[in-house]
Amino acid sequence: MRSLLFHSVLLVCVWLGGSVVRGEHEHHQGEGPQADTAESYSHQEHHGRITVVPMGPDAPTLDFVVTRDPDHGWNLRLITMNFRFAPENVGGEFIPGEGHAHLYVDGEQVARIYGSWFHIDKLRHGLVDVTVTLNGNDHSQLSVGDALLSVTKQVQCE
């Protein structure tokens, strides 16, 4: 019963664009900025699906840092552990420890990310919510135990 209640609440949070904020970590990942815009693919049937991976020392982690780009826009640096970006397997079957990320700005998905760096061209003025989720090859959102691998941070844009 508790598991059913948890998953119901979790699905509502995903549906509303909510996320679990995890603490910041300083772990370094290989570079390789690659992403597709949300318009270039359709995977509506995968939204709301969650794949739970076991907790423990091999569980994936997620954090990110957003900094203003010196020329224009913003640079997003994803910080992961125990996770490999695998653009060659997108749309395939779930393989533990690999996949891609989804980028949301104010609750709207704007990109699929295939590496640890991504450039955000524009953000609206004011306080903006930037959310990143880790997703499996099958686009399901990853969760470690009861905690979604999702981080939201607010960025003040001028």
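# Contacts, sheet and core

Q: Leaving aside neighbours within four places in sequence, which residues is T51 in contact with?
A: Beyond those neighbours within four places, T51 touches F94, D138, S140, Q141, L142 and S143, where contact means heavy atoms within 4.5 Å. The model is predicted: local features need pLDDT of at least 70, side-chain atom pairs count only at pLDDT 80 or more, and totals for chains, interfaces and linings use all residues. Residues are numbered from 1 along each chain as its sequence is written, and side-chain values use heavy atoms, leaving out hydrogens and water.

Q: Why does T51 count as buried?
A: The relative accessibility of T51 is 16%. A residue is buried under 20% relative accessible area, exposed over 50% and partly exposed in between (1.4 Å probe, protein chains only); therefore T51 counts as buried. T51 belongs to strand 2, residues 50–53.

Q: How many helices and strands are there in the chain?
A: The chain has one helix and 12 strands. These elements are DSSP runs numbered from the N terminus: helices are H or I with at least four residues, strands E with at least two.

Q: What makes strand 4 and strand 8 antiparallel partners, and how many bridges join them?
A: Two strands pair if DSSP finds at least two bridges between them. Four bridges join strand 4 (residues 74–81) to strand 8, and the two run antiparallel. One example is L76, whose bridge partner in strand 8 is F118.

Q: Which strands form the open sheet, and in what order?
A: The open sheet has three strands in the order 3-4-8, with antiparallel pairing. Strand 3 (61–68) and strand 8 (117–120) are called edge strands because each pairs on one side only. From one strand to the next, the twist averages 20°.

Q: Which residues touch the most other members of the largest nonpolar core?
A: They are F64, L76, L78, L103, L123 and V132, in a core of 28 residues. Such a core is a set of buried Ala, Val, Leu, Ile, Met, Phe, Trp, Tyr and Cys residues joined through side-chain atoms within 4.5 Å. Strand 9 gives the most to this core, with four residues. V132 has contacts beyond four places in sequence that include L62, F64, L76, L78 and L103.

Q: What percentage of the residues of the chain count as buried?
A: Of its 158 residues, 44% count as buried.

Definitions and conventions: Axes are lines fitted to C-alpha atoms, for helices over the stretch in contact, and angles run from 0 to 180 degrees between N-to-C directions.
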